[in-house]
Amino acid sequence: MVGNQLLISLETAKACYTCFKCVGVCPVGLRPNMIVKAYVGSIVPEFRDIYESIIRDSNIWICAKCLKCVEMCPQRVPIIEIIEYLQHVASKHGVVPKAYLNMVENVVDTYIAFSSQTIVTRDGDIYMTEDVRDAWGLNPLPNTQDIEGFRRRLKEIEEAG
Amino acid sequence: MRLAVFTGCFTLVKQIAVEASMLKVIQYFNIEPITPQKTNCCGFAFRSIAPNTSLYLTARILAYLNTFESEGILTLCNGCYLMLKETIYRLKENQRLLEIIRKHLKDEGIDIKSIPRIIHPIELFHDIIGIETLKNIANKKQYNISIATHYGCHALRPSTLPSFDNPLNPHKMENIAEALGFKTKDYPERLDCCGAVLLASKPELAMKLAYSKIAGTARWGFQLLITTCPYCFEMLDSRQEAVMQMFGEEPKLPVMLLAQLIGLQLGLNEKDLALNFNLSPIDRVLPQILKR
Amino acid sequence: MNILDSSTKTAVFICHCGTNIGGVIDISKIIENIKNIPSIAVAQDHRFLCSTDGIETMINSIKTSNADRVVVAACSFRTHEPLFQEALHRAGLNPYLLELVNIRELCSWVHENERDRATEKALKMIRAAIMKIQDNQPLKRIRLPVTPAALVIGGGIAGIRAALDIAEAGFTVYLVEKEPSIGGNMAKLDKTFPTLDCSICILGPLMNIVAHHPNIKLYTYSEVISINGRVGDFSVKILKKPRYVREDLCRGCLICIAKCPSKTVDEFNMGLSHRKAIYVPFPQAVPRIPVIDTASCLYFQKGICRACEKLCPANAIDFNQKEEVVEIKVGAIVVATGFEEYNISQVYEYSYGRYPNIVTGLQLERLASSYGPTEGRLIAPGLNREPRRIAIINCVGSRDERHLPYCCRVGCMASLKHSWYIKHLMPEAEVFIFADEVRASGKGFEEFYRRVRLIPGVYIVKSKASEVRGNPDGTLTIKAFDPAISSEIAITVDLVVLEAGIVASRGTESIKNLLKLGALNSGGFLIELHPKLNPVETAVDGVYICGAVSGPKDIPDTVAQASAAASKVISLLSRGYIETQPYSAIVDESRCSGCGVCSSVCEYSAIKIVKKKERSVAVVDEALCKGCGACVGSCPSRAIEIANLKLNQIDAMVAEILR
Amino acid sequence: MGLEPRVLAFTCTYCAYAAAEAAGVSKLQYPPHIYVIRLPCSGMFKSYYVFKALREGFDSILWSGCHPPYDCHFINGNYKARVKAELLKAYLKQLGFEDQRFRLEWISAGEPDKFARIAKEIVEEAIKTPKIIFLEHHEAVNK
């Protein structure tokens with residue numbers, strides 16, 4: 001789910017006929033069909049509990065985004081979009097792994113998702129990122145001079161909804 | 001030919017070999033790489049938690065690279081490749097958001113003027129540089145090395161977006177390896193996930209996925225695995241020892257980048273190809289490949 | 001024409017069709033409106049105009065009001081036009097003075113939520129028809145004779161049954177089969193579900209009757225290459241491919257096959273074994289005359305060998321045989337070209353084609369068959385031993401938006417039958433069936449399902465298998481999720497059977513093009529005229545379809561359709577004549593300049609330019625004219641028109657809709 | 001009430017009209033502004049019908065038949081329609097009619113959803129397109 005076109009049409013999601021193919025193929029043991037069902041049923045009170053528990057449950061974040069379920073689904077249910085939608089809803093409720101927030105913070109501070117770190121060679125030598133980049137004649141990491149404007153724009157964009 | 005090279009954060013800070021080897025190799029084929037100084041995260045990490053921001057970040061890359069004269073964007077990372085492809089498609093669908101994003105881009109003095117071609121390294125070697133060129137380099141030399149190919153999930157899937165190969169039964173990487181004189185064969189774990197997406201949030205699960213990928217591949221008797229993606233490389237090469245130890249096994253599968261493999265054939269030296277950063281036991285196959 | 005000073009009297013009848021029309025459209029409002037049109041003699045509604053009471057009311061009203069034209073606003077002309085035309089006839093009117101307005105399919109059903117606008121639209125449609133009918137003329141049908149013979153294309157169980165039924169009624173039947181033997185897919189089956197009777201034992205006798213029936217002329221190893229003409233009078237060209245074995249001399253000793261040194265892949269055994277270059281596809285083949293396959297014959301490829309020619313005691317081998325084209329005349333055609341399995345190597349997750357021990361359902365039939373490649377011993381290809389554990393995966397390619405959206409209708413039962421085969425041949429084996437649904441709707445099917453469930457060692461997993469993966473030792477692992485135990489499972493087996501989806505056979509499209517049958521359904525199936533009411537008829541008069549060519553079917557349904565198609569053919573042939581449609585082109589000679597453009601666009605050569613009183617004018621042969629209107633579109637002088645669809649009638653409708 | 005705009009669909013009996021009826025059978029809903037006239041074959045195409053309907057006050061015209069190459073029940077009527085329709089399209093453009101005023105579509109009997117979709121599209125387009133104003137002769141001269 002990229003872009004706030006959140007509501008995946010119910011019609012494509014309801015095409016699911018519960019064949020469990022997505023469950024068998026999921027490498028991390030998610031139950032995509034249950035997530036789809038919860039999404040479809042989120043407007044019916046009887047299914048609402050499941051929907052809410054999925055959102056509160058951090059399990060939804062174990063999706064490895066390998067997209068195998070999407071490829072194998074015989075009814076072309078946009079499973080990954082539903083999962084990402086529910087992740088979005090969950091993050092709005094504060095359920096989001098810390099690692100994601102770290103990455104976000106990094107981007108806001110330095111344009112990129114990771115800060116410089118140690119790199120090991122096969123011989124056991126240890127270098128810092130900047131030194132390796134320099135030694136191999138590669139560009140240095142991005143300059144963070146005008147990061148303030150970048151931050152402001154990120155904020156405005158997300159609020160534009 | 002001029003190509004803008006988008007490295008992506010993980011290549012930038014960790015898997016420097018991906019960038020170093022690729023830049024060296026493509027220059028050999030008369031491709032002039034443009035390596036922009038300004039760059040930002042492709043937004044993959046924001047996909048679900050801040051979808052608009054993720055689109056903006058990718059759009060910013062597209063707009064910034066627009067300022068250079070190039071025939072396309074070569075993305076070194078599968079995740080970035082998917083984000084760039086998907087964003088182009090999404091922004092076409094959502095004109096309103098596109099306008100908002102363009103307004104912010106214009107603030108910075110950049111704009112999405114044209115839609116560039118997004119190029120995956122495999123596509124570059126197979127379709128742009130071409131199999132015939134690679135065959136000439138190999139010069140009919142045959143190696144007794146059986147190579148397992150690893151494309152990575154986001155290089156191929158989802159099949160709803162345009163793809164450089166058949167998303168469910170790709171063959172271009174095999175073609176490249178065979179053109180270089182290596183043996184390949186289909187194996188069931190070929191399209192499995194390396195687990196890297198979970199590396200930050202669920203490291204143990206990520207290691208488990210990497211283990212089943214490595215162990216599953218190794219049982220077919222391959223001598224070498226090749227990939228292009230920095231994340232897949234991290235999981236399968238850099239962390240192979242840790243992954244295997246977690247399950248009480250020894251590292252056993254040499255892993256190399258596609259660009260490194262081609263670079264060795266071109267006679268580039270090991271330092272240029274940054275082969276000292278490969279932590280998997282590539283010493284097992286390196287002498288055989290170097291013996292030209 | 002202005003209806004205000006019209007001298008015609010029009011009767012209008014509007015059908016409620018229960019609530020189908022009346023539930024959306026305000027019919028009383030429409031009646032009120034059209035009653036004010038001066039030319040209207042009577043305007044009535046009825047709950048079900050097609051009922052006996054409706055028809056009687058209609059006839060009475062026409063008679064008492066002395067109406068000379070009738071507009072009926074109801075359903076599709078495809079369903080009830082003949083019925084209402086008959087009513088006009090009984091009321092003493094020419095049946096072509098009827099105008100049918102479809103306010104159901106084209107209005108009430110498609111605008112269910114917009115009652116007011118639907119009512120307005122229906123009113124306009126009816127008023128337009130009233131305007132149009134003012135210019136309708138009485139028309140007459142022409143009778144033409146019917147050739148008392150039929151062509152049946154396809155020699156599977158459907159074609160065999162249809163041919164036998166027509167032949168039994170005393171008519172000549174030409175049965176054309178592209179393979180060297182008749183029998184089709186049913187001959188490949190070992191047993192049939194749910195009764196488990198031996199397939200060839202019930203098919204074989206029928207094949208032999210076909211071969212010797214005095215009214216059936218059998219063309220095997222032949223193809224239909226052209227079809228021209230119309231219902232009652234088709235001329236058909238059949239291409240007889242050379243067998244290189246003379247049918248009149250061969251005694252069927254098959255010594256030639258025993259001595260042939262060249263081998264190639266056996267198509268009848270679905271590629272699981274080899275056959276000789278000279279071969280009969282299977283022991284019960286009809287006719288039992290060998291065919292030489294030139295692609296693998298050493299004589300045709302390299303000019304050597306000729307062993308069969310030397311050894312044949314009847315001197316039946318003839319390497320100089322040529323293709324032969326036979327031309328026949330028939331009154332009706334039955335298409336029964338059947339099905340084939342979908343190319344499931346495209347369903348990548350099941351790895352068909354990557355490992356030898358993954359077979360399709362039909363391949364398993366051959367493996368289980370006593371005249372198959374292993375003579376009835378079940379051997380896993382590639383492993384060359386009896387499999388101990390077998391997985392059967394259903395719906396491969398079927399019910400899948402990426403491949404075939406429809407159900408194959410036989411896979412569920414076939415998978416149960418296959419597990420029965422396996423347990424019958426190897427009682428110790430373990431069988432896993434992966435089926436997210438088991439569709440057992442036929443007679444005796446659910447009972448059979450229960451019977452198989454109770455067999456020890458048969459396990460049914462109620463989900464679609466996710467993936468099939470090979471192992472280095474040649475076994476295969478199926479990954480799936482079992483909802484019953486709510487857990488992922490990985491089952492390692494020696495043989496995987498994929499129940500493949502079903503598509504129309506490869507030749508169907510070319511037959512469709514020869515016959516101008518129009519579109520195909522997904523899967524390449526031919527479309528019936530009406531899915532409920534005309535399941536064996538097509539859009540082309542005199543052309544009938546039966547069996548799996550119109551969609552996946554099991555054997556009982558196929559045979560029932562074949563007999564249905566045959567009875568349609570018999571009633572056409574025994575009546576002996578057809579009546580043409582009367583909507584032919586008519587020429588206004590006062591406007592015609594004789595330029596001949598109409599004649600040049602007519603595909604049926606129905607228009608000739610004739611000199612009449614020093615002027616050239618176009619003349620239409622009504623027996624040849626199909627009423628397509630191509631001439632109308634081409635005429636620069638507006639001199640040629642289609643009867644009862646004249647230019648001014650269309651103008652009148654356009655003007656009335658906009659009024 | 002009021003059905004504005006108004007769209008006229010000429011359909012061939014064997015494909016497009018069959019599709020329109022099948023759309024009814026499947027209860028596919030589309031706007032009621034579209035009126036269907038059944039012709040035997042799309043090959044009956046005559047520019048006159050289109051001009052006449054536009055002149056009389058229809059906003060858009062749909063001409064529909066069977067898919068090329070083989071679907072036509074009358075051998076090649078769809079090709080005859082296509083040749084003339086393409087000419088007409090060019091001519092309408094010269095006369096200043098918008099492109100969406102006239103559409104040629106192939107709809108097979110098995111595509112009721114396509115008929116419904118096109119009906120929806122063409123009506124929506126017609127709603128967006130301003131009414132045609134035909135000037136009387138003297139007005140045209142004055143302009």
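**Notebook: chains, contacts and a sheet**

I began with chains A and C, where eleven residues of chain A are in contact with 16 residues of chain C. I call two residues in contact if their C-beta atoms, placed from the backbone, lie within 7 Å. Helix 2 (residues 21-25) of chain A gives the most to this side of chain A, with four residues. Sorted by class, the side of chain A that touches chain C has six nonpolar, three polar and two charged residues. For the classes, I count Ala, Val, Leu, Ile, Met, Phe, Trp, Tyr, Cys and Pro as nonpolar, Asp, Glu, Lys and Arg as charged, and the others, Gly among them, as polar.

A note on what I am reading: this is a predicted model, in which local features need pLDDT of at least 70, side-chain atom pairs count only at pLDDT 80 or more, and totals for chains, interfaces and linings use all residues. Residues are numbered from 1 along each chain as its sequence is written, while chains are lettered from A and ligands numbered from 1 in the order in which they are written.

Next I asked which chains share the most contacts. Of the four pairs of chains in contact, it is chains A and B. Their contact takes 51 residues from chain A and 56 residues from chain B. Helix 9 of chain A gives the most to the side of chain A that touches chain B, with six residues. That side has 31 nonpolar, eleven polar and nine charged residues.

No contact joins chain A and chain D, and their closest C-alpha atoms lie 15 Å apart. Chain B and chain D do not touch either, with nearest C-alpha atoms 18 Å apart.

Then I turned to helix 3 (residues 51-66) of chain B. Of its 16 residues, 15 are buried, so helix 3 of chain B is largely enclosed by the rest of the structure. Buried means 20 or more other C-beta atoms within 10 Å of a residue's own, exposed 12 or fewer, and partly exposed in between, with C-beta atoms placed from the backbone. Helices (H or I, at least four residues) and strands (E, at least two) are DSSP runs, numbered from the N terminus.

Last, I visited chain D, where four strands form an open sheet in the order 2-1-3-4, with parallel pairing. Strands pair if DSSP finds at least two bridges between them. The edge strands are strand 2 (34-39) and strand 4 (102-106) of chain D. Strand 1 (residues 7-12) and strand 3 (residues 60-65) of chain D pair over five bridges.
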